[in-house]
Amino acid sequence: MRRIAKGKAAGPVKPAVARPAGGGGLRHLRAAAANSLRGLLDALHETAFRQECAVGVLHYAALLLVPMDIAFCLALAAAGAAVLAAELLNTAVEAVVDLVSPAWHPLARKAKDTASASVFVLLVLTLALWCAALVSAFG
């Protein structure tokens, strides 16, 4: 652990792993896009993400087939994307928790369960929106 002299700032902490040089402008954008694509491909190894992608295909197909108000359509499209985004964050939280706490710990369980709960809340929201949209469309 670094010691801080009285009245002196510690300064920035160097990362444990060297970051790839991304540069600026288009080079940075290309590196960021590659990292994002790698994250999506990594997430496809997770069963929950694959299941939610499969349901997402049905979800978006139904948006094209079910006659509904544009507001419902936009809300459901956003809710579907939010579910996938929350699952990606849940996967990231689980990976970090597994890295820093390989043994069982109550705080590790709490972090994982809370991240999972965020996905559940968005799934419930999406289901409620579908119910409202179908009642509105078919009375």
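A word on the model before we start: it is predicted, so local features need pLDDT of at least 70 and side-chain atom pairs count only at pLDDT 80 or more, while totals for chains, interfaces and linings use all residues. Residues are numbered from 1 along each chain as its sequence is written, and side-chain values use heavy atoms, with hydrogens and water left out.

Let's begin with the fold. The chain has four helices and zero strands, taken as DSSP runs numbered from the N terminus (helices H or I, at least four residues; strands E, at least two). Of its 139 residues, 18% are buried, meaning under 20% relative accessible area with a 1.4 Å probe and protein chains only; exposed is over 50%, and partly exposed lies in between.

Now, how many salt bridges are there? The count is two, where a salt bridge is a side-chain nitrogen of Lys or Arg within 4 Å of a carboxyl oxygen of Asp or Glu.

In one of them, lysine 112 pairs with aspartate 98, with the closest N and O atoms 2.6 Å apart. Lysine 112 sits in helix H4 (residues 106-138) and aspartate 98 in helix H3 (residues 70-100), so this pair ties together parts 14 residues apart in sequence. Lysine 112 is partly exposed at 24% relative accessibility, and aspartate 98 is partly exposed at 42%.

The other joins aspartate 113 and arginine 109, at 2.9 Å from N to O. These two are four residues apart in helix H4, so about one helical turn separates them. Aspartate 113 is partly exposed at 41%, as is arginine 109 at 40%.

Thanks, folks!
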